Amino acid sequence: MKLQEIKNIDIDGKKVFIRCDFNVPMDEYNNISDDRRIRSALNTIRYCIDRDCSIILASHFGRPTEAAEEKYSLKPIAKRLHTLLKQEIKMAKNVVQDDTLELAKNLQPGEILLLENLRYNAGETKNDEEFAKKLASMAEIYVNDAFGVSHRAHASVEAITKYFDMNHKAAGFLLAKEIKFFHHIVESPKRPFVSIVGGSKVSGKLEVLHNLITKVDKILIGGGMAFTFLKALGLEVGKSLVEDDLIPEAIKIMDEAKQLGVKLYLPVDVVAAEAFDAEAIAKLVTVQEIPKNWMGLDIGPATAQMFRLALSDANTILWNGPMGVYEMEKFAKGSTRIANTVAQSFATTVVGGGDTADLVRVTGDEDDMTFISTGGGASLELIEGKILPGVKALVIEE
Ligand code: AMP
């Protein structure tokens, strides 16, 4: 797969529309609590500034239910961009109304215009052609640098690409880096390749599991999804999260692993609690002895130790999904242990998914990972082997 990249097209002095992912978390005072997504977009923006482009930036932010809902305005993003880039950011009052189109038209080389939240316009999530056409009319070049939304067929990601030919659209540096990294990891990993999969449900990651099993040497399953597998093996798992309808799928995955010689690991002990509650009474039990009305909310220390051994000879580790309910301190130890183990490994370590990225930041292991993906859903779809809608139009036919 060859991606059209920004460095391979002529953008000098042109008007460039860059779809960014500025969907950053905010605290209760409306402060940006983590500006990584904004900082990750700077390489592409600076590259365009240096080439005398007039730059139009666009992003969604949250899920506004009505147009112009103030708390979803991109104004705080404009301020942060101003601080980081040390230059004026013109803030549009809306997305594609006449005054904004006029601002875009008059934009001078080196100037930056930030549009209001794309989702103020209902056409964005509907992949509306008319809306996309208006967005496209603002610029000569389209750049997608929003990996986190590239798995969605939205107007600023998918429909808009129809209005630019192959020499006038490209992936920005961030998008290209993420796509290339995942492609490489999944298609030609240095072996042994070990994947750790966790999170809440099997259903959310069924295709991921099916695809991974054909590529990895070992797979370690933790989190809520492990209980469907344990139940499929005939164990009593009490009130733990189980998707009964997916038990046949779980059996299929385990059979496939066996046939392919892939070593599949499931928890041997768990922290079980009486209720899904941070204050619930909890105890450590083997998976054979989960009390009837209790639920497993974290992997236990024996499982963490077993996973550590399984990871010890890995040359590539791909991790997606926490090992337990890490948001509650009582059930965060298993995920923390695995985060520390992965961080200490000499393997190429790739962390994908919002929760897992969040987790390794909290445990202080962020700097020791080789690569942390900014997009949760998008990285999962790449592992599933799909071509993302936002990327498809940027692939050069060979
Ligand atoms: P996902 O979005 O599928 O990656 O799942 C992440 C969520 O899974 C986190 O919010 C965790 O709290 C939750 N989770 C992890 N382990 C368990 C468990 N044993 N039971 C219930 N939820 C879990």
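I counted a polar contact as a pair of N or O atoms within 3.5 Å; within protein, one must be able to donate a hydrogen and the other to accept it, and residues adjacent in sequence count only if both atoms are side-chain atoms. The model is predicted, so to speak of local features I need pLDDT of at least 70, and side-chain atom pairs count only at pLDDT 80 or more, while totals for chains, interfaces and linings use all residues. Residues are numbered from 1 along each chain as its sequence is written, and side-chain values use heavy atoms, with hydrogens and water left out.

Ligand site. In the side chain of Lys205, an N or O atom is 2.9 Å from an oxygen atom of the ligand. Ser200 places a backbone N or O atom 2.9 Å from a ligand oxygen atom. For Glu327, a polar side-chain atom lies 2.4 Å from an oxygen atom of the ligand. The protein buries 78% of the 510 Å² that the ligand exposes when taken alone (Shrake-Rupley method, 1.4 Å probe; for residues, only the protein chains shown count as cover).

Domains. I found domain 1 at 6-177 and domain 2 at 189-383; the bounds come from an automatic or database domain assignment. Their C-alpha centres lie 36 Å apart. I then checked the contacts (heavy atoms within 4.5 Å). Here 8 residues of domain 1 meet 12 residues of domain 2.

Leu57. Leaving aside neighbours within four places in sequence, I found Leu57 in contact with residues including Ile18, Phe22, Ile45, Leu81 and Leu115.
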